[in-house]
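Have a look at the model first, then read on.

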Amino acid sequence: MKALVFGGTGWVGHHIVLEFFKHGYDVTVASRGTRSEASYAEPIPSEVRRVVVNKSDAAEMKALLAEKFEIIIDSVPSPDSIRNVFQYARGLRHYLHCSSTGGYAPLPFIPCNETARYRGAAEGDNVADAIGVGWKTKALCDAEVMSLFHTHGFPATVIRPCYITGGGDKLPLDNLGGRRETFLPDILGGKVLEVPDNGLALLQPVHVKDLARSFRLAVENRRSIGERYNICLSHALPLKEYLALNAAALDRKAVLEFVPLAELLQRHPEDPIGLRFVATHMCFSIAKARCEIGYEPEHTPEDTIVETARLCAAKLGR
């Protein structure tokens with residue numbers, strides 16, 4: 001089957017391309033061509049076709065999609081790109097895009113599942129001003145494809161990953177909710193890590209390879225059309241345990257300072273969304289994905305955290 005992957009030169013898209021290629025799909029990578037492919041641990045094979053296209057440009061998309069692709073995957077969708085796929089893709093059997101579990105915050109129950117309100121696009125909602133604003137576009141895209149499914153039978157599936165990590169290709173989440181280069185060196189140097197509140201906010205990672213596999217599993221089970229799936233590893237960990245695991249991976253002990261979130265926001269005004277994110281519970285059920293598409297994580301949260309810390313530290317020359 002022919003699969004087209006938008007954003008295939010980015011981190012998530014890169015691993016989706018590899019997953020589909022290894023399982024015999026005829027894969028084409030579509031990107032804007034504004035950057036070279038990043039240097040990931042495993043490169044995309046040279047025989048995978050690359051095309052340059054602006055997916056928000058109707059004329060360019062019409063020309064590209066004149067070639068029939070049975071599967072279209074977008075790792076970073078936009079309302080424009082969705083409308084162009086809907087209008088111009090012929091012979092399409094399945095469209096999937098990458099969303100995020102972030103739009104559920106603050107979680108109405110734990111573990112949160114797909115029945116919860118996805119609050120990222122809620123107008124006039126305090127959550128949109130605090131946390132959800134970062135996921136507003138994702139919520140709009142999710143709503144768009146589900147509306148097209150219900151009104152026109154558009155064959156869409158939404159994949160919502162939690163905190164993506166693994167493989168050493170990206171820096172790990174740090175104690176302030178970013179991915180700063182000084183995080184692992186700070187641990188190695190015994191520096192104090194500021195932690196919001198009591199460090200008990202739950203964090204649930206997903207390994208990027210498990211995430212990529214979930215896209216293939218959804219394609220291979222038609223039941224997934226018209227559905228949304230939370231894709232994470234098996235369980236969540238408290239933030240302070242997550243930080244302790246990063247330190248232990250480097251043969252260190254985490255030195256933590258627990259600081260009220262309000263005070264941390266004053267100390268670090270540069271990234272309020274990241275700080276609020278790590279101070280908010282992120283804990284999800286994957287029961288629906290397990291039941292309907294056969295998703296079963298191949299990695300544990302603990303092993304993934306340790307793997308990422310060690311590989312990234314080695315890349316940083318530490």
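Helix axes here are lines fitted to C-alpha atoms over the stretch in contact, and angles run from 0 to 180 degrees between N-to-C directions. Helices are DSSP runs (H or I, at least four residues), numbered from the N terminus. This is a predicted model, in which local features need pLDDT of at least 70, side-chain atom pairs count only at pLDDT 80 or more, and totals for chains, interfaces and linings use all residues. Residues are numbered from 1 along each chain as its sequence is written, and side-chain values use heavy atoms, with hydrogens and water left out.

**Helices α1 and α7**
- Helix α1 (residues 11–22) packs on α7 at an angle of about 55°, and their axes are 8 Å apart.

**Helices α3 and α5**
- Helix α3 (residues 79–88) and helix α5 (residues 136–152) meet at about 25°, with axes 9 Å apart.
- α3 and α5 are therefore roughly parallel to each other.

**Nonpolar cores**
- A nonpolar core is a set of buried (under 20% relative accessible area, 1.4 Å probe, protein chains only) Ala, Val, Leu, Ile, Met, Phe, Trp, Tyr and Cys residues joined through side-chain atoms within 4.5 Å.
- The largest core has 72 residues, and F20, F215 and Y295 have the most contacts inside it.
- Helix α7 (residues 208–219) gives this core its largest share, seven residues.
- Another core, of 23 residues, lies apart from it and includes V51, L65, I72 and V145.

Conventions
Helices (H or I, at least four residues) and strands (E, at least two) are DSSP runs, numbered from the N terminus. Angles under 35 degrees count as roughly parallel, over 145 as roughly antiparallel, 65 to 115 as roughly perpendicular and the rest as oblique. Buried means under 20% relative accessible area, exposed over 50%, partly exposed in between (1.4 Å probe, protein chains only).
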